[in-house]
Amino acid sequence: MESLIKPVETYLSGLSEKDQRALKFLALFCVPLLIYFMLLEPSYHYYQNAKNDYMEGRELLVWMEQNKLNIPATQPPQSKPQQLPLSQFVSSSAETKKISITRLQPQGDKGVRLWMNEVNFSSLIDFLTHLSDNGFSINSITVDKTTNPGVVNAQCLIMG
């Protein structure tokens, strides 16, 4: 480090008194600018972004707490004996609810995986509620939005 400072001191001492004074004023002007633009300004922007994210999260939390009473409490499924096998019951229930199942794949003896494309979201919820009310459990579900509002693509695993 000292080997780097010696040449700079030698160069500065070789400058005239007027040039040394001008260089000191320039340094006094540039150092605060560098500190501001390299440390303070980015820190302030990070702080503002974090504060905005926090406020949006708080607003979402307040909205969720206000609307949690609007969501019906889930009740444990009531086991009802089924005469139809799971895949047939799911297919017939989907037809009743006017849902088109793109693909139906058995998962062992007691499960079935469904793929549904371009399904009305409220119809999907009605269909899944119907299955749940009949003693089936929805073990996993993936819902993706589409370009049409209120229409989704869904994949779910239903166990009986």
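Ser-93 sits in helix α3. Keep in mind that this is a predicted model.

Is Ser-93 buried or exposed? Its relative accessibility is 3%. The cut-off for buried is under 20%, so Ser-93 counts as buried.

Which residues does Ser-93 touch, leaving out those up to four places away in sequence? Phe-127, His-130 and Leu-131.

That takes us to helix α4, which runs over residues 121–133. The helix has 13 residues. From first C-alpha to last, α4 reaches 18 Å, close to the 18 Å expected at 1.5 Å a residue.

Now the buried residues of α4. They are Leu-124, Phe-127, Leu-128 and Leu-131. Look down the helix axis: these buried residues fall within an arc of 95°, so they line one face of α4. An α-helix has 3.6 residues a turn, so residues three or four places apart point the same way.

What covers that face? The cover over the buried residues of α4 includes helix α3, at 86–96. It also includes three strands: β2 at 111–120, β3 at 137–145 and β4 at 151–159. Ser-93 belongs to α3, and Phe-127 and Leu-131 are among its contacts.

After α4 comes Gly-135. Its phi is positive, near 95°.

Last stop, Gly-57. This glycine is in helix α2, residues 17–67. Its relative accessible area is 36%, so Gly-57 is partly exposed. How far apart are the C-alpha atoms of Gly-57 and Lys-97? They are separated by 36 Å, with the two residues 40 apart along the chain.

Notes: Residues are numbered from 1 along each chain as its sequence is written. This is a predicted model: local features need pLDDT of at least 70, side-chain atom pairs count only at pLDDT 80 or more; totals for chains, interfaces and linings use all residues. Side-chain values use heavy atoms; hydrogens and water are left out. Helices (H or I, at least four residues) and strands (E, at least two) are DSSP runs, numbered from the N terminus. The expected span of a helix is 1.5 Å times one less than its number of residues. Buried means under 20% relative accessible area, exposed over 50%, partly exposed in between (1.4 Å probe, protein chains only). The arc is that of the directions from the helix axis to the C-beta atoms. Contact means heavy atoms within 4.5 Å.
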